[in-house]
Amino acid sequence: MGMTITEKIFARASGRESVRAGDIIDANIDLALMQEITTPSIYRGLKEVGAGIWDVERVVVVIDHFSPPSATWKADNVKETNQFVKDCGIKYFYPHRGIMHVVLPETGHIRPGELIVGVESHTVTHGAFGAVAIGIGATEMVYVLAKGTLWFRVPETILVRIDGKFNSSIFGKDIMLSILKELGVDGATYKALEFAGTAIGELTIDGRITLANMSVEAGAKNGIIEPDDKMTDYVREKSRMPFTVVRSDDDAKYSQTLHIDASQLTPLVACPHSPDNVKPISEVEGIHVDQAFLGTCTNGRMEDLRIAAKILKGRTIPKDTRFLIFPGSVEIYQNAIKEGIIDTFLEAGAILCNSSCGPCGGGHMGVLGDGEVCISSGSRNFRGRMGSPSAQIYLGSAATVAASAASGEMTDPRKFLGE
Amino acid sequence: MKEIVRGRIYVLGDDIDTDQIIPAQHLVLNPAIAEEKQKLGTFALSSVPSEKAGLPRGHVPFIDPQTGRSPYSILAAGKNFGCGSSREHAPIALAAAGIEVVVAEFYARIFFRNVVNGGWMIPYETPAPLVDRIETGQEGEVDLKANELRVLTTGNRFPLKPLGDILPILEAGNLFAYAKEHADLLK
């Protein structure tokens, strides 16, 4: 019997001919990702067990959540992360250069066929490149750093087939929200989500990343997409390192198959307080928006900034709405400056912030007051996540966020995109 | 590992996320420092909406404000317990509050791994939904040999799924203790 792409990558990483869903394996880690929230406790753990790092070539550290720090304890975390990097001779360190999951593909660290773990639940993002990428905890990362391996249970795979031609006001976010509506926040718990179908080839790299990124919102262990030429060309442009493209066998076994007809999709939003509480934007249109937030590892990329600028061009954001923009990385920020996009945002009245996670995790830089309404391009709208527990967070595509910012109320982006 | 965990039961519903278990503002507390870990416990479950806190009636505080600890040692929940972020502060806060065993229909993956690898508590899965058959405040005991939850108040007994492959890690204490017991795992 054949194997899925996820099973093949686990088989290779554990030195076996083949593995099956349900097998418990010890696998070699190709890449370990860390950020400053947990690096200090991981460093302490590493000292406690008296171990060094198994292979510094395979470790990447970023500072993105507390960038810049908004409280003394966050500054302490940044300081200790800098110390860890220095003490352990970390070679790949990206402090204050943007969000880990945006920066790493840009800098060529993410390659198809690899097994990647990160102390960050959105590590699943990198499955868009045909890798198995998994979020883990801090204790586990100490083990990975010391040993270079970790135990895994090989997951069953849910195949999500997305076929049909979607129109130009539909983005990766709308497709993923429609999948979350079907699966629910626990529909893929412990499982792999494999995205396939004719619509994938039509999606931009940025759009595919959004799919993989939000697989964790369905509880998935990993989300994965077989690389096509568009993807391998992208990776070769960024990385000189060799890689092997892995594909699912025709007779691979799936626990479930979900069919999405992309041609039927309309712009969607996830309503408070869960990413699977998904409704068409038409059902919430007109609700006043106190804060619109464009950024995050889900939708803070070039495609997102471009569509938002197209909508905001020549418009003025109402004065009782604040629009926060966090370009996902410094590279994206610079490209946006070159393209004149940043000017468009500033002229419209937006607040331009530095490349970082921003208020997505509720840390700083745009938290919500009691009862405030936010439309966010991020991935989570749990109660209290961005500030007050009585705040209402909606999730939508960059186009929906920009259209709502431009009108000061929840707005269907097709109103501005002429469809 | 104890053979029997006895104590009061606290009941929650489905999809309790890590922001409800320990809101991000408390991540300032470093679990590697004993007093701060204890402080984390005082905020455990602090963002669960009041009507869903302590089912079936809700509005039951999880933490005793006098002691800063929870009077409950067994937590019962529905589906997808611990979904959301990878923060290990979530199981640590529950453990610091006094929880020794969780029984849930199933767990979100990263939370489950954090519980096991850190050895913070015993995470049992239940073959059938339990939360509408038990009530917050009832006295119970979890028998780790028989894999059973016994509600002493009512005399009801509920089977729990055996811990399986993770049992050796929990018996050792945590992933590191397990690795030390197993020869060359940590060189």
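Of the 187 residues of chain B, 60% count as buried, where buried means under 20% relative accessible area, exposed over 50% and partly exposed in between (1.4 Å probe, protein chains only). The model is predicted, and local features need pLDDT of at least 70, side-chain atom pairs count only at pLDDT 80 or more, and totals for chains, interfaces and linings use all residues. Residues are numbered from 1 along each chain as its sequence is written, chains are lettered from A and ligands numbered from 1 in the order in which they are written, and side-chain values use heavy atoms, with hydrogens and water left out.

Chain B contains six helices and seven strands, in the order β-α-α-β-α-β-α-β-β-β-β-α-α along the sequence. Its radius of gyration is 16 Å, close to the 16 Å given by the globule rule for 187 residues, so chain B is as compact as a globular protein of that length. Helices (H or I, at least four residues) and strands (E, at least two) are DSSP runs, numbered from the N terminus; the radius is taken over C-alpha atoms, and the rule is 2.2 Å times the number of residues to the power 0.38. The C-alpha trace of chain B spans about 50 × 40 × 30 Å along its principal axes.

Between the chains, 31 residues of chain A are in contact with 37 residues of chain B, contact meaning heavy atoms within 4.5 Å. About 3200 Å² is buried between them, 61% of it from carbon and sulfur atoms; this buried area is the accessible area (1.4 Å probe) that two parts lose on being put together, summed over both. Tyr143(A), Trp151(A) and Tyr190(A) supply 21% of the area that chain A buries against chain B, more than any other three residues.

In chain A, the peptide bond from Ser67(A) to Pro68(A) is cis, with omega near -5°, and Pro68(A) sits in the loop between β3 (59-63) and α3 (72-88). The bond from Pro272(A) to His273(A) is also cis, with omega near -5°; His273(A) belongs to the loop between β12 (268-270) and β13 (278-280).
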